[in-house]
Amino acid sequence: MSTLIPRPSSVRLRQLLKASCEVFQTVYNPDNIRTGNKILRRKMKGPAAISYYPIESPVKFRHIRAAYPMFEFPNTPDEHRITMNELRKRKGKGPPKKKEGKVI
Amino acid sequence: MATKIPTPGCFINTMIVRDNFKRHMAAEAEAERRALKHIVYNMTVPVRARIQAQLKLAVMPNYTRMNQTKSRCVVSGKGRAVLSEFKMSRHQFRMAAQNGELPGVKRATW
C-alpha cells in the first residue's frame, strides 16, 4: 500500500513564499495585486534627454583672439561675407541710402 | 524661471530652442510625473486619491511631457529624417559621411 504524502496547507505555503522573498530580496505579492510597481521600475529618461543638444562652449573665437594678441586668427567666414558685400556694392546692389524723412 | 536653461552649442533655430526647453522641463518634472502615474496605477491606494492624481497629471503643462520632445538635426535643425545615432538629418549625414567626418561610416556594398 502506497503512503500518501500530505500536501502542506496554503497557510504554510504562503509562509514559505514569504520566507523565500525575504531570503532572495524579491517583492512579496502572493495575490498579484497591481501595486503600480512597474511604473517605478522604469528607467528615467531625463539625463539622456537633456544631453541631446551639446552645451555651448564657454570659450569663443573672440576670447582666443583676445588671449593671444601676438597671433593672427583670420575670421574666414566673416571675411568671405565682407568680400561678397563689396562685390555687390561694386555692381550697384548694395543697401539703399537712408531717407531723411517721410515724403508725402 | 529659477534655473537658466543652457544654450545649445550646435546650430540654433527657434524649433531647437523650443525643443531644448521642453527637454529640460520634462526632465525637471519627470520625478513628479512618475510618482503621480504610480499613484494612478496603484490599486491599493483609495480610489479618490487615484482620481485626484490622474487629474493632476492631466493638468500638468505640455512641456513637462517627455513625448513632446523631438529629435532634431544638430547641424540644420531639421525635424524629419533624423538618424538618432548621428543626431543629423539624412542630407547632413550624407555630406558629413562623404567628407569622412563620421568615423567608420562608408558606402554600403555587399
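The residues that line the largest pocket of this structure divide into eight charged, four nonpolar and two polar. Here Asp, Glu, Lys and Arg count as charged, Ala, Val, Leu, Ile, Met, Phe, Trp, Tyr, Cys and Pro as nonpolar, and the others, Gly among them, as polar. This is a predicted model, in which local features need pLDDT of at least 70 and side-chain atom pairs count only at pLDDT 80 or more, while totals for chains, interfaces and linings use all residues. Residues are numbered from 1 along each chain as its sequence is written, chains are lettered from A in the order in which they are written, and side-chain values use heavy atoms, with hydrogens and water left out.

**The largest pocket**

- The largest pocket has a volume of about 400 Å³; a pocket is an open set of points on a 1 Å grid where a 1.4 Å probe fits, with protein on both sides within 12 Å along at least five of seven lines.
- Its lining comprises 14 residues, each having an atom within 4 Å of a point.
- Nearest the centre of the pocket lie Arg42(A), Arg33(B), Arg34(B), Lys37(B) and Met66(B).
- Helix H1 (residues 14-41) of chain B contributes most to this lining, with five residues; helices are DSSP runs (H or I, at least four residues), numbered from the N terminus.

**Salt bridges**

- Over all chains, the count is five salt bridges, each defined as a side-chain nitrogen of Lys or Arg within 4 Å of a carboxyl oxygen of Asp or Glu.
- Arg14(A) and Asp31(A) form one of them, at 2.5 Å from N to O.
- Arg14(A) lies in helix H1 of chain A and Asp31(A) in the loop between H1 and H2, so this pair ties together parts that are 17 residues apart in sequence.
- A salt bridge also joins Arg23(B) and Asp19(B), at 2.9 Å from N to O; these residues are four apart in helix H1 of chain B and are therefore separated by about one helical turn.
- Arg23(B) is buried, with a relative accessible area of 6%, and Asp19(B) is buried at 5%; buried means under 20%, exposed over 50%, and partly exposed in between (1.4 Å probe, protein chains only).

**Backbone angles**

- Asn32(A) has a positive phi of about 55° although it is not a glycine.
- Asn32(A) belongs to the loop between helix H1 (10-24) and helix H2 (37-41) of chain A, and is exposed, with a relative accessible area of 65%.

Conventions: Grid points are joined across faces, edges and corners, and a volume is the space filled by probe spheres set on the points. Helices (H or I, at least four residues) and strands (E, at least two) are DSSP runs, numbered from the N terminus.
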